[in-house]
Amino acid sequence: MNATVRLRNALAVVLPPLVLGVLFLAAWQAWVVVSDVQPFVIPRPTDIWRSFIDDFDLVWKASVVTGMNALVGLVLGSLIGFVVAVLTNRFAFVSDLVNPLAITVAAIPAVVIVGVLNNMYSLDSQIPRRIMVTISVFFVVFVQVTKGLRQNDATQMELMRSYAASPFDTLKKVRLPNTMPFFFTGVRTAAPLALIIALVSEYFGGTQDGLGSKISGTLNGSNKALGFAYVLGGALVGLLFFAGSNLLEYLVVPWRRRGRSK
Amino acid sequence: MTDAERQRRRTRIRRASMFAVAFVLVAVSWELYKAVGPEKGGTIFGTRILARTDDRAMPHIWDMFSRFSESEVRGGEDSVFVVVLRAAWYSFRCALAAFVAGSLLGIGLAVLMARFRFFERALMPYLVISQTVPIIVLAPLIFSLMAYNSRELASKTWLAAVLLGVFLAFFPVAMGTLRGLQTTPSAPLELMDSYAAGWWKTLWKLRFPNAVPFLAPALRLAGAAAVVGVTVSEISLGVRYGVGRLILSYGQEATSDPPKLYTAVFGAAALGLVMAAVVVGIDRLLMRNRPPEAV
Amino acid sequence: MENSMTVSSPEAGTSPAVAIRGVNKIFNQGKPNQVDALVDIDLDVQPGEFISLIGPSGCGKSTLLRLVADLLEPTSGSVTIHGKSAHQARVDQDYGMAFQQSGLFEWRTVERNIELPLELKGWDKAARRQRSQEMLELVKLPEFAKHMPWQLSGGMQQRIAIARALASHPKLLLMDEPFGALDEMTREHMQAELLRICAAAGTTVVFVTHSIPEAVYLADRVVVMSPRPGRITEIVSVALGRDRSELTREATDFFARVTEVREALRGIEMADHAKGIDDR
């Protein structure tokens, strides 16, 4: 492939979303300016940007609180989900018992449980939020890893048997590597979920220092530009989680790099 | 009854009983922890990690259920059960509306993206990003936009909750449908070409049916997303009749009347499960003539 | 050519490489879905001999191979490999095995795939690396050591699987339709390569296939099997000598043997058909 062709391909990927994004922001700005919308209804994109720069330390502090809650829950939930799935893989009834709970947690607005958890800890605690994130992440990762452990290549398993390999060797050399892509599918799914749960769990009282409480406070109030600056902060944390989980998968599961774009 | 049917029935019964056993186990561990756990919470490595177990923090399961039959407020006419049921029904209708509208929007977008490559390229990055960004926090904004545009809408906070549900629900449907439309095997596509069938005819006769197995799991995600979107927005907007609002206000009474909060939580759970049942029904209907193991 | 004949002749004196005596295999015994997979199988394979197992699907040829590999246990009868029980032979890694699917580990480089059995045997890294290099030379893919499996064509992947099967220098090679998923051209090429490799190492081979020309081209003896219940109906001696080339495929003798095997298989088909009528 020569340079011009590569450049044209890159432009075909980058240009359409760029055009759409710029058009959208321009239309927003124009609409607010032309029809003279009050800033407490909807701020101009330029005002949001200014607010984001000027009050960056506020946005940063709130992002760290919520981001940490989500991160702690994501890491704990992923690890626990993975370990429990591997340990209980030999006992089919465990996943038979966990699966109904996983289905239920996925179907109901489980985040309301935070309201209950808050009662069990002191009011200034971040632990109920972190527990809530951990629970949500756990089920996603557990289900994926269990699925991965069961979908082993028949030929590879027969091969290991022909080597008279021990169950531990088979686990280490066949089952776990085969499970890795499933584990990371779980983590990638759970990463944005973790942030959403961390944000929403701030709606149920407790300390008002995270992005969730700040956003709902400011967006319901009159300083909407600051509210949007917080939203922008949340979006950036979300992108960070997205990029981080994908990067981790890229590093740990290098053999799956091809074809991931499909 | 054939062997396969009997087998399938046995699995179904087994699965249903596993559901029951799982929940009994959760209830038992709740009571067990309450019995042996520290009353005032426990500290590990200097942080409060173990939950408090007193009646205020962890009421007995039977107290939660008996609270349903008592009246909601002292001297009030309606029992908690009636109030929670009414609220859950209200939220369910909102969630159903969000689910239907979101699914239609998702299918429409998928067709648009499958037909015009430019739309796919322009929209796809935003669709992906929109999933990494917590849209759910935007409910107040949607409401203030609505209220600004029309005075009449200013009283309809529920509409903002539904719109947010739509926002959350359309994504999985759009992605699933698009994938289904695009993974149509080439042999039948060439067959349709040989009939000189146009793009829309091919879409209707071939690509849509091919997308159905992909649509079914997407609808399940959309159903759950609609419920979460509506309930959470009810909380952040303070929609007066919904179950989300009930959780918030019962939560504030939790110090004096702990079991009451749990009745609202059960109401929200029931709402989610009923929606899941609706989606499973749609799934069955869509997949009725497909081989049992498709996708 | 003369001395290769003596190697494969039963009079060689040593114990057989594989001895299958009175083997029966019944799946789901006593249940309504009981299947008599193999009935009264007796077969000796001499050291250095190449045996093809052929028959219609359901005749139990893959099951028989798995009994030899101790991946399945016979319901009755015995399987010994160089005088050892099949189980002991598996534990001692006396055989190498290749399947229809290459079964390569997609997360390992080509050379680390070949090293897998050695790793499980506890070889140290340097020795492993040296052996995998040798094996790659043997299958003529030395420049692909650091590649990932998916970067190789199907035929090359299958050659790596064979290199892996031969890595511990087993005296016995068990192959279950290893070329079944390859196109005809690649397939013929692989057959010639397999004969070259096994001749060089003096390896005994039991080879399951459903292609008649493949069975005849490769084997010293073709074992023809029939289904329901699975049993051996005929053993065709090929006697084309060991020095086989592309010319062999056009030789009159080759066609004669192909015809012989085909007629043996057709006999099964006719009998099966007749039995079908009887059953009604």
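## Two crossing helices

Let's start where two chains meet. Helix H4(A) packs against helix H1 of chain B, residues 3-36, with an angle of about 85° and 8 Å between their axes. Since angles of 65 to 115 degrees count as roughly perpendicular, H4(A) is therefore roughly perpendicular to H1(B). Keep in mind that this is a predicted model.

So who touches whom here? On the H4(A) side you'll find Asp96(A), Leu97(A), Pro100(A) and Leu101(A). They meet Met18(B), Phe19(B), Val21(B), Ala22(B) and Leu25(B) in H1(B). Sorted by class, this contact has 8 nonpolar residues, 1 charged residue and no polar ones.

Now zoom out to the two whole chains. Here 47 residues of chain A are in contact with 49 residues of chain B. On chain A's side, six helices each supply at least two residues: H1 (3-34), H4 (92-107), H5 (113-120), H8 (167-200), H9 (211-219) and H10 (224-252). Which helix gives the most? That's H10(A), with 7 residues. The side of chain A that touches chain B splits into 36 nonpolar, 10 polar and 1 charged.

Chain C has its own contact with chain A, using 16 residues from chain C and 14 residues from chain A. Two helices of chain C, H3 (86-91) and H4 (110-121), each bring at least two residues to chain C's side of it. By class, that side has 11 nonpolar, 3 polar and 2 charged residues.

How do the pairs of chains compare? There are 2 pairs that touch, and the most contacts are between chains A and B. Chains B and C don't touch, and their nearest C-alpha atoms are 11 Å apart.

## A sheet in chain C

Chain C also has an open sheet of 4 strands, in the order E2-E1-E4-E5 with antiparallel pairing. Strands E2 (35-45) and E5 (84-85) stand at the edges with a single partner strand each, so one side of each has no neighbour in the sheet.

To spot one yourself, find Ile20(C): the bridge partner of Ile20(C) in E4(C) is Val79(C).

## How confident is the prediction?

Chain A averages a pLDDT of 85, and 97% of its residues score at least 70. Among the elements of chain A, helix H3 (residues 56-87) has the highest mean, 93, while H5(A) has the lowest, 80.

Definitions and conventions:
Residues numbered from 1 in each chain as written. Chains lettered and ligands numbered in written order. Predicted model: local features only at pLDDT ≥ 70, side-chain atom pairs only at ≥ 80, totals over all residues. Contact = placed C-beta atoms within 7 Å. Nonpolar A, V, L, I, M, F, W, Y, C, P; charged D, E, K, R; others polar. pLDDT = per-residue confidence, 0-100. Pairing = 2+ DSSP bridges. Axes fitted to C-alpha atoms, helices over the stretch in contact; angles between N-to-C directions. Parallel < 35°, antiparallel > 145°, perpendicular 65-115°, else oblique.
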